[in-house]
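Open the model in your viewer and keep the sequence panel beside it. This tour says what to select next and what is there.

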Amino acid sequence: MPLQLALDNLLSPPVLFFLVGIAAVLLRSDLKIPDPIPRLFSLYLLWAIGYKGGVKLAEAGWSVEVLGPMVAAIALAALTPLWVYPLLKLRFNRHDSAACAAAFGSVSVVTFITAANFLNTQGITYGGHLVAALALMEVPALVVAVILHRRAARFDPEAADNLGRQSVMQLFREAMLSGPVFLLIGSMIVGLLAGDRGFDKLKPFTEDVFYGMLVLFLLEAGMTAARGLQGLKEVGKFAVSMSIAIPLANAAATWMLCYVLRLQPGDAFLIMILAASASYIAVPATVPLAIPKANPSLYLPMALGVTFPFNIALGIPLYLWMANAIPQ
């Protein structure tokens, strides 16, 4: 991996402020962002990335080049729990294995936004349809993980009372109507319908303000991630190593798929980021209802305390380097 690419990422203001947030918690600073403000940051970023993605999708239109990566991304999300679940079952119980499989099959919106911003700083273009893939990848992994969990319960006569009572269709509906996913999809539809004319009117909000809001959001995200790091002693070395090995394996498998499809570097990079990321917002909000016996002190530190910082600091330059290696 070229050293300059790694330095460009590590020395960019968003990543530097992310590291400042981590340092604030580790050094026990009293720095704190009031609770309603981080939620406002996240809502803004979801709105902006969804709206811009819809505008780009309107420009690109619907074609095989657009639908192909979207279908591939959704398939990757659905397939990930199928190999992650039995791997984690070697050390974890079925509840925790299913919850972790759902988290690693789903995606991190913040990682995607940070990666997309890094592409912008590098002058690399990408398709707006990747935002649609981002929204749609939240659901399949969760559904597949719950199915695996319930299937395993058939062989455990004492497990009946431990299962969530929701049907798969109810689970799908709740996942699609959860705040982050709904806002992302809704904003993308508005951008798709409004096109360039609507984008010009909102450009000061979607372009000029975006970078500053991302920096402040990642400052708070760094503090949240550092708190997740404090729970790593409880999850053990196996959990920590899997939190890095699973994203790298997903990224490598996705690279081969992008190689076959001959995707452009920007599109290949973002699909790899999506495949390598882990959800710490949508999945933790849904898992307690669907897999009530899963331990949040396991899957949350794995996704937020290890995978998220790894992807932000090291994964982004690594995956871009891999994407640039795809022959055109």
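Select Arg 262. At 40% relative accessibility, Arg 262 counts as partly exposed; that class lies between buried, under 20% relative accessible area, and exposed, over 50%, using a 1.4 Å probe and protein chains only. Arg 262 is in the loop between α12 (232-261) and α13. Helices here are DSSP runs of H or I, at least four residues long, strands are runs of E of at least two, and both are numbered from the N terminus. Check the backbone of Arg 262: phi is near 55 degrees, a positive value in a residue other than glycine. Most residues other than glycine have a negative phi.

Before going on, note that this is a predicted model: local features need pLDDT of at least 70, side-chain atom pairs count only at pLDDT 80 or more, and totals for chains, interfaces and linings use all residues. Residues are numbered from 1 along each chain as its sequence is written, and side-chain values use heavy atoms, with hydrogens and water left out.

**Around Arg 262**

Stay on Arg 262 and show Tyr 259. The charged end of Arg 262 sits over the ring of Tyr 259, 4.4 Å from its centre. The test is NZ of Lys or CZ of Arg within 6 Å of the ring centre and within 35 degrees of the ring normal.

Trp 255 and Tyr 259 form a tilted aromatic pair, 5.4 Å centre to centre with 35 degrees between the planes. Rings of Phe, Tyr and Trp (its six-membered ring) pair if their centres lie within 6.5 Å; planes under 30 degrees apart are stacked, over 60 edge-to-face, and the rest tilted. Both residues lie in helix α12, four residues apart, about one turn of the helix. Trp 255 is partly exposed at 22%, and Tyr 259 is partly exposed at 32%.

Now pick Leu 261, also in helix α12. Leu 261 is partly exposed, at 39% relative accessibility. Draw a distance to Gly 68: the two C-alpha atoms are 8.3 Å apart, although 193 residues separate them along the chain.

**The aromatic cluster**

The structure holds six aromatic pairs. For another one, select Tyr 44 and Trp 47, a tilted pair at 5.8 Å centre to centre and 45 degrees between the planes. What separates Tyr 44 and Trp 47 in helix α3? About one helical turn, because they are three residues apart in that helix. Tyr 44 is buried at 11%, whereas Trp 47 is partly exposed at 23%.

Together with Tyr 44 and Trp 47, they form one aromatic cluster. Then show Lys 52, whose charged end sits over the ring of Phe 210, 4.0 Å from its centre.

**A buried glutamate**

Go to Glu 220, in helix α11 (residues 210-229). Is Glu 220 buried or exposed? Glu 220 is buried, with a relative accessible area of 15%. Leaving out residues up to four places away in sequence, Glu 220 touches Ile 33 and Pro 38; a contact means heavy atoms within 4.5 Å.

Jump to Arg 28, in the loop between α2 (13-26) and α3 (36-60). Phi of Arg 28 is near 60 degrees, again positive in a residue other than glycine. Arg 28 is exposed, at 78%.

**The core**

Select Phe 269, Leu 270, Phe 308 and Tyr 319. These have the most contacts inside the largest nonpolar core, which has 103 residues. Such a core is a set of buried Ala, Val, Leu, Ile, Met, Phe, Trp, Tyr and Cys residues joined through side-chain atoms within 4.5 Å. Helix α15 (residues 296-324) gives the most to this core, with 13 residues. Beyond its neighbours within four places in sequence, Phe 269 contacts Ala 115, Leu 119, Ile 316, Tyr 319, Leu 320 and Ala 323.

**Zoom out**

The chain has 15 helices and zero strands. Of its 328 residues, 56% count as buried.

Finish by colouring by pLDDT, the predictor's confidence in each residue, from 0 to 100. The chain mean is 81, and 87% of residues reach 70 or more. Confidence is highest in helix α13 (residues 265-276), at a mean of 93, and lowest in helix α9 (residues 168-177), at 65. Over residues 159-164 the pLDDT is below 50. Where pLDDT is low, the predicted coordinates should not be read in detail.
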